[in-house]
Amino acid sequence: MINNESLGSNFIFYRLPRASKAHLIRCNGDDIIISYDIKEIGNKEGYVFAPFKISEEKPLLIFPFKDEETLDLDEELLSDITEILDNTSSSAEKETYISMFNKFHKCISDGKCAKIVLSRKTHITKQHDISPCDLFLTACRICPDMYVSLVSSPLCGTWLTATPEYLADSKNGCLHTASLAGTRQNTVTDEPDVDDCTRDNDSWSGKNIIEQDYVSQYVRERVEQYAKDIIEKGPQTIKAGNVCHLLTDFSYKLKEDVTLGVLLDKLHPTPAVCGIPKDFTYNYILENEHYDREYYSGFQGKISSKEGIHLFVTLRCMKVLDNGYDLFAGGGLVFESDKEYEWLETEAKMQTMKRCIATKKA
């Protein structure tokens, strides 16, 4: 069983998709590497936690593997009590979002960009005390197909993530990068083997197909520049909690003179969290979104010479605070986007973290 009191102030839990075991990394704060350059990642091993924008206040962190243990989740995932949680955001939040939608969408209408990601943050006041470890275990149970993590340090705060998007994941001697975009509601979530995501890809709207194609084109161009033996598969429909996405998988090997850090520097942030063209949309988001994304829409995961590379985009996440939780969600806007649909998409994406908050151990 997890002993919350023995974790210390710097620790990480993570579980790979569909894995039956989780991993716990603990370290001293003085051992954490603080970096301001993604390209340095290729020269170091550890658990990487990177923000959307690297800054002095929000640096890239690399946690060393000095104290790591494996946990059998079958022994940890107990029965739960689910409480009723208000699933609707305030009308003021929606009005702010609609105003921002109109502003961001004008960039597309004016021809300044083809796609741009608009995100939002909402705060939920803590109703009862749930330990971060129990939040992690709940996320593992309700999100079996996602990468789940809990990262905690005074340097970044405490973050729970359950994400379907891999940025660089090594399998069978190759790296894999996901082009993930397009969202629709999964109408059946209680039965794990029956869900709305099994419908044919032809049922996706033109807007979602266009959005996914923009992301695939971006990933394709970067991978072709720095990699070889490239295999592209997709798009296919995948399930991610209570929503479905379109995903195209890129499998490849890095060229001999290319480091992982160089590739990541060119990939991040992908159009799945930023937009096209990258430089314009990145700067526009930083100047106009009116809040700091912090580590939301950054990336995280393990880099090990023995166990491989497992880096994922930090989506479906929340920051755990003393008085509650900050939840984050966003969606890609293209010319065909509808403001009401996009608002409901952010609401749907927040449900994963809301389910974790509303569930406590019996």
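In this predicted model, nine strands line up as an open sheet, in the order β6-β2-β1-β9-β10-β18-β19-β8-β15, and the pairing is antiparallel. The edges are taken by β6 (67-72) and β15 (275-276); each has a single partner strand, so one side of each is left without a neighbour in the sheet. As background, strands of a sheet pair through backbone hydrogen bonds, and they can do it parallel or antiparallel.

Helix α6 (residues 278-288) touches β8 and β15, and its direction makes about 30° with that of β8. Helix α2, for its part, lies across β8 (115-125) and β19 (324-333), and runs at about 165° to β8.

There is another open sheet of nine strands to trace, this one in the order β3-β5-β4-β16-β17-β11-β12-β14-β13, again with antiparallel pairing. Here β3 (33-35) and β13 (227-240) stand at the edges, and since each has a single partner strand, one side of each is left without a neighbour in the sheet. Going from one strand to the next, the twist averages 20°. Strands β12 (residues 174-185) and β14 (residues 243-254) run antiparallel and are held together by 10 bridges, with Q185 standing opposite V243 in β14. Helix α4 (residues 206-226) packs on this sheet and touches β12, β13 and β14, its direction making about 170° with that of β12. Helix α7 (residues 339-357) packs on it as well, touching β12 and β14 at about 120° to the direction of β12.

Next come the aromatic rings. Searching the whole structure turns up 14 aromatic pairs. In one of them, Y97 and W343, the ring centres are 5.5 Å apart and the planes meet at 55°, so the pair counts as tilted. This pair links distant parts of the chain, as Y97 belongs to helix α2 (residues 91-109) and W343 to helix α7, 246 residues apart. Are these two residues buried or exposed? Y97 is buried, with a relative accessible area of 3%, and W343 is also buried, at 4%. Elsewhere, F49, W159, Y291, Y295, Y296 and F328 come together as one aromatic cluster.

Side chains of opposite charge can pair when their charged atoms come close. The search of the whole structure finds 23 salt bridges. Among them is the one between K302 and E68, whose closest N and O atoms are 2.8 Å apart. K302 lies in strand β16 and E68 in strand β6, so this pair ties together parts that are 234 residues apart in sequence. K302 is buried, with a relative accessible area of 2%, whereas E68 is partly exposed at 29%.

D326 and K121 also meet in a salt bridge, at 4.0 Å from N to O. D326 sits in strand β19 and K121 in strand β8, 205 residues apart. In this pair D326 is buried, with a relative accessible area of 11%, and K121 is partly exposed at 34%. Another salt bridge joins K319 and E294, at 2.8 Å from N to O. K319 belongs to strand β18 and E294 to the loop between α6 and β16, 25 residues apart; both K319 and E294 are buried. Finally, K115, K207, E211 and E342 are linked in a network of salt bridges.

The peptide bond between H268 and P269 is cis, with omega about -10°, and P269 is placed in the loop between α5 (260-267) and β15. A cis bond also runs from I276 to P277, with omega near 0°; P277 lies in the loop between β15 and α6. Then there is phi: D229, found in strand β13, has a positive value of about 50° although it is not a glycine. H290 has a positive phi too, near 65°. H290 lies in the loop between α6 and β16 (299-304) and counts as exposed, at 60% relative accessibility.

Definitions and conventions. Residues are numbered from 1 along each chain as its sequence is written. This is a predicted model: local features need pLDDT of at least 70, side-chain atom pairs count only at pLDDT 80 or more; totals for chains, interfaces and linings use all residues. Side-chain values use heavy atoms; hydrogens and water are left out. Two strands pair if DSSP finds at least two bridges between them. Helices (H or I, at least four residues) and strands (E, at least two) are DSSP runs, numbered from the N terminus. Axes are lines fitted to C-alpha atoms, for helices over the stretch in contact, and angles run from 0 to 180 degrees between N-to-C directions. Contact means heavy atoms within 4.5 Å. Rings of Phe, Tyr and Trp (its six-membered ring) pair if their centres lie within 6.5 Å; planes under 30 degrees apart count as stacked, over 60 as edge-to-face and the rest as tilted. Buried means under 20% relative accessible area, exposed over 50%, partly exposed in between (1.4 Å probe, protein chains only). A salt bridge is a side-chain nitrogen of Lys or Arg within 4 Å of a carboxyl oxygen of Asp or Glu.
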